[in-house]
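Subject: Model for your files

Hello,

Here is the structure I said I would pass on. My notes on the sheet and the helices beside it follow.

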Amino acid sequence: MTNPATQHQDRNTLTSTAELHGTIEQLLKAASQRQIWFLFLDEHARLIDPIMPMNDHPEDPKELHEIEDLGRVTFPAVLVHRTREIAKMIGASSFIVVWERPGGKELTVADRSWCEAIAGCAVTCDPWTVQLRAMFLMHDDGVRLIADLEFDFEPGSEFDDERRRPSAS
């Protein structure tokens, strides 16, 4: 008989950042265009479908968009909100963002702006739902983890959408 407590501890579980990094490297290889990939993990840290690319995002993450159900918000706020909606539909408990763009492994100013925006929205826009697990950069030579210390997100920044915060009550 299978022990339910250990049945999900198999080689497909991505519990460490190194395991996650290795899997993303196998799946995505190296950059060919500017786009964002969204990957989802279930409650046992296993990669689940779909793996979603998205291109044609604006250059400036601060650009505002009028969205019928969200109001006037930044594109990163829309991305985080929609990604969480998809995650809930497919039973994911966390998501990963992979920034694909041609170029070197160092973060550009634009990369940092987008990382700040997505991290900011993930923290302030309904943070008790599906969690942002990690962000990676896919560049000309492969994939690398983007560490939190490489960009400057602080609550209260322009990406901290006060309207989306839960009330303190």
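Leucine 39 has isoleucine 96 in β5 as its bridge partner. This is a predicted model, in which local features need pLDDT of at least 70, side-chain atom pairs count only at pLDDT 80 or more, and totals for chains, interfaces and linings use all residues. Residues are numbered from 1 along each chain as its sequence is written, and side-chain values use heavy atoms, without hydrogens and water.

Strands β1 (residues 35-41) and β5 (residues 94-100) run antiparallel and are joined by seven bridges. Helices (H or I, at least four residues) and strands (E, at least two) are DSSP runs, numbered from the N terminus; two strands count as paired if DSSP finds at least two bridges between them.

Helix α2 (residues 75-90) packs on the sheet and touches β1, β2 and β5, contact being heavy atoms within 4.5 Å. The direction of α2 makes about 35° with that of β1; axes are lines fitted to C-alpha atoms, for helices over the stretch in contact, and angles run from 0 to 180 degrees between N-to-C directions. Helix α3 (residues 109-124) also packs on the sheet, touching β5 and β6 (131-139), at about 165° to the direction of β6.

β5 and β6 pair in the parallel sense over seven bridges, with methionine 138 in β6 as the bridge partner of glutamate 100. β6 then forms a hairpin with β7, with two residues between them. Their pairing is antiparallel over four bridges, and phenylalanine 136 stands opposite leucine 145 in β7.

Overall, five strands make an open, mixed sheet in the order β2-β1-β5-β6-β7. Its edge strands, β2 (47-55) and β7 (142-145), each pair on one side only.

Regards
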